[in-house]
Amino acid sequence: MIYLKTAEEIELLRESCLLVSKTLAELAKLVKPGVSTAQLNKVAEEFILDNGATAPCKGYCGYPAAICTSVNDEIVHGIPSEKQILKDGDIISIDLCTLKNGFVGDSAYTFCVGDVAPEIRQLLKTTKESLFKGIEQAVEGNRVGDVSNAIQSYCEAAGYGVVREMIGHGIGRNMHEAPEVPNYGRRGTGTLLRTGMTICIEPMITLGNRALRFDSDGWTTRTVDGKFAAHFEHAVAIRKGKADILSDFGIIENVLKNLN
Ligand code: MF3
Ligand code: CO
């Protein structure tokens, strides 16, 4: 069952998604060597609550934190910890949701910690670019497979692995709605995209092989080969001609630009 949203509902969803982006921008100021992922979680949760929202990841299927923090070879759903201290050369993917006005915002961004190797920076760049390749296809009349294939072909042409086990999703009053939005697939297949559909597109891309395993915490996924992984996510509303991107990397990147 796909819930189509009215223009008014899309504005409420946008407000929630923009709060996600603002929270990620707050965290961007703190992503430095020496900070723990638990500190990032604490700041994020306080910021979300201060802005009249809640953090629906907390308690979702028993997930224990407000945000997901995935460092280096961790792909997604890493659990913040006091013991996990960021160091120079690391990368960290931060994925978070907010619940505001009854709508769930969801977006993710991968940050560099200090001086990161060029090979890894390129992985981040390509992963983010692949997200926009997918978004280009997220228009009325296309199918989910057009989005999926755009991401897959772009990342595989660069020699990267495209994670299969976790995928994007519809978003709205629920964190996960239909349709499923895989980062791999065939053009012209899958759900027909229509105006009013709101979906999260979220490539999870590995420097090496795409094989993953779960940690004993039951949440953290990491690459089997130990190579780094990147994750970027936007929530978008489907329209004719061009998707309406509801989250905003510009807010985050303004902060990053002014830090350096
Ligand atoms: N933001 C994540 C997603 O894409 C949800 C994380 S799982 C949770 O779909 F348990 F942390 F909520
Ligand atoms: Co998501």
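In this predicted model, an oxygen atom of ligand 1 sits 2.6 Å from an N or O atom in the side chain of histidine 176. Taken alone, ligand 1 exposes 330 Å², and the protein buries 96% of that; accessible areas come from the Shrake-Rupley method with a 1.4 Å probe, and for residues only the protein chains shown count as cover. Local features need pLDDT of at least 70 and side-chain atom pairs count only at pLDDT 80 or more, while totals for chains, interfaces and linings use all residues; side-chain values use heavy atoms, with hydrogens and water left out. Residues are numbered from 1 along each chain as its sequence is written, chains are lettered from A and ligands numbered from 1 in the order in which they are written.

**Ligand 1**

- The ligand is surrounded by 14 residues, and the closest are Cys57, Asp95, Asp106, His176 and Glu202; a residue is near a molecule or strand if one of its heavy atoms lies within 4 Å of it.
- By class, this shell has 7 nonpolar, 3 polar and 4 charged residues. Ala, Val, Leu, Ile, Met, Phe, Trp, Tyr, Cys and Pro count as nonpolar, Asp, Glu, Lys and Arg as charged, and the others, Gly among them, as polar.
- A polar side-chain atom of glutamate 202 is 3.0 Å from an oxygen atom of ligand 1.
- For histidine 169, the distance from a side-chain N or O atom to an oxygen atom of ligand 1 is 3.2 Å.

- Helices (H or I, at least four residues) and strands (E, at least two) are DSSP runs, numbered from the N terminus. Two strands pair if DSSP finds at least two bridges between them.
- Strand 3 (residues 91-100) has 9 of its 10 residues buried, where buried means under 20% relative accessible area, exposed over 50%, and partly exposed in between (1.4 Å probe, protein chains only).
- Strand 1 (residues 67-71) runs antiparallel to strand 3, joined to it by 5 bridges. Serine 70 stands opposite serine 93 in strand 3.
- Strand 4 (residues 103-112) also pairs with strand 3 in the antiparallel sense, over 10 bridges. Here leucine 96 has serine 107 in strand 4 as its bridge partner.
- The hairpin of strand 3 and strand 4 has 2 residues between the strands, and asparagine 101 takes a positive phi near 55 degrees there.

**Cysteine 57**

- Cysteine 57 lies in the loop between helix 2 (37-50) and strand 1, and it is buried, with a relative accessible area of 9%.
- Its C-alpha atom is 6.3 Å from that of cysteine 97, although the two are 40 residues apart in sequence.
- Beyond its neighbours within four places in sequence, cysteine 57 is in contact (heavy atoms within 4.5 Å) with Tyr63, Ala65, Ala66, Cys97 and Met175.

**Glycine 114**

- Glycine 114 belongs to the loop between strand 4 and helix 3 (118-137). With a relative accessible area of 41%, glycine 114 is partly exposed.
- The C-alpha atoms of glycine 114 and glycine 89 are separated by 5.8 Å, and the two residues are 25 residues apart along the chain.

**Threonine 220**

- Threonine 220 is in the loop between strand 10 (212-214) and strand 11 (221-223); it is buried, with a relative accessible area of 3%.
- Its side chain makes a polar contact with the side chain of aspartate 217 (2.6 Å). A polar contact is a pair of N or O atoms within 3.5 Å; within protein, one must be able to donate a hydrogen and the other to accept it, and residues adjacent in sequence count only if both atoms are side-chain atoms.
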